Amino acid sequence: MRPVTINGGFVMRAWYDIAANDIGTRQDAEGICASQAAIETLIAQEIERGIAPGNIFLAGFSQGGAIALHTALRQSVPLGGVLALSTYLPLADQITGEAIANTRSTPIFMAHGRSDPVVPYALGIASRETLLALNYAVEWHEYPMQHSVCEKELRDIETWLTRQIKTV
């Protein structure tokens with residue numbers, strides 16, 4: 001729970017603050033990094049419990065997908081994969097210097113609605129292109145929907161996740 005500027009500072013569930021309608025600008029680096037640290041604590045707990053990093057998947061929708069992408073690309077050991085739905089790559093201008101090289105083997109499933117009014121489709125595409133330019137293994141899916149999840153997307157997730165788990 002945190003105050004979100006775009007919503008008049010009301011406290012709500014959010015991974016980080018959003019200061020403007022254009023979520024690609026004025027990004028809350030401090031909040032994004034704090035959420036990354038929280039997820040890394042969970043990853044470390046799972047590894048301590050005996051779960052291999054290659055069996056750990058991060059998944060998220062919207063802000064959750066942004067944090068999943070941001071965190072997975074900064075791990076010292078590649079994770080099993082990332083499901084990033086209706087989202088974008090936050091702090092994309094920093095990824096070249098911060099991404100860990102061996103995370104390029106982490107499979108990434110990205111899905112986006114072509115009519116998304118919350119996370120613009122163009123921002124999702126730009127994030128995909130950034131990742132592809134850095135040689136990440138991105139599987140891209142798009143759907144005729146807004147900021148939501150559809151049945152076809154769920155089937156595509158099932159197919160992708162089943163394929164990833166079989167290779168672990």
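Is Asp156 buried or exposed? In this predicted model, Asp156 is buried, at a relative accessible area of 11%. The cut-off for burial is under 20%. The partner of Asp156 in a salt bridge is Lys152, with the closest N and O atoms 2.8 Å apart. Lys152 is partly exposed, at 41% relative accessibility. Both residues belong to helix α5, which spans residues 151–167. They sit 4 residues apart, about one turn of the helix.

The structure holds 7 salt bridges. Side chains of opposite charge can pair when their charged atoms come close. Another of these pairs joins Glu98 and Arg74, and here the closest N and O atoms are 2.8 Å apart. Glu98 lies in helix α3 (residues 95–98), while Arg74 lies in the loop between α2 (63–72) and β4 (81–85). Arg74 is buried, at 10% relative accessibility. Glu98 is partly exposed, at 34%.

A salt bridge also forms between Arg114 and Glu142, with an N to O distance of 3.4 Å. This pair links distant parts of the chain, 28 residues apart. Arg114 is found in the loop between β5 (108–113) and α4 (121–133). Glu142 is found in strand β6, residues 138–143. Arg114 is partly exposed, with a relative accessible area of 40%. Glu142 is partly exposed as well, with a value of 29%.

Strand β6 is also part of a sheet. This open sheet has 4 strands, in the order β3-β4-β5-β6, and the pairing is parallel. The edges are formed by β3 (57–61) and β6. Each edge strand has a single partner, so one side of each is left without a neighbour in the sheet. From one strand to the next, the twist averages 10 degrees. Strands of a sheet pair through backbone hydrogen bonds, either parallel or antiparallel. Between the parallel strands β3 and β4 there are 5 bridges. Leu58 has Val82 of β4 as its bridge partner.

Helices pack on this sheet. Helix α2 lies across β3, β4 and β5, and runs at about 150 degrees to β3. Helix α4 touches β5 and β6. The direction of α4 makes about 165 degrees with that of β6.

How values were computed: Residues numbered from 1 in each chain as written. Predicted model: local features only at pLDDT ≥ 70, side-chain atom pairs only at ≥ 80, totals over all residues. Heavy atoms only, no water. Salt bridge = Lys/Arg side-chain N within 4 Å of Asp/Glu carboxyl O. Helix = DSSP H or I, 4+ residues; strand = E, 2+ residues; numbered from the N terminus. Buried < 20%, exposed > 50% of the residue type's maximum accessible area, 1.4 Å probe, protein only. Pairing = 2+ DSSP bridges. Axes fitted to C-alpha atoms, helices over the stretch in contact; angles between N-to-C directions. Contact = heavy atoms within 4.5 Å.
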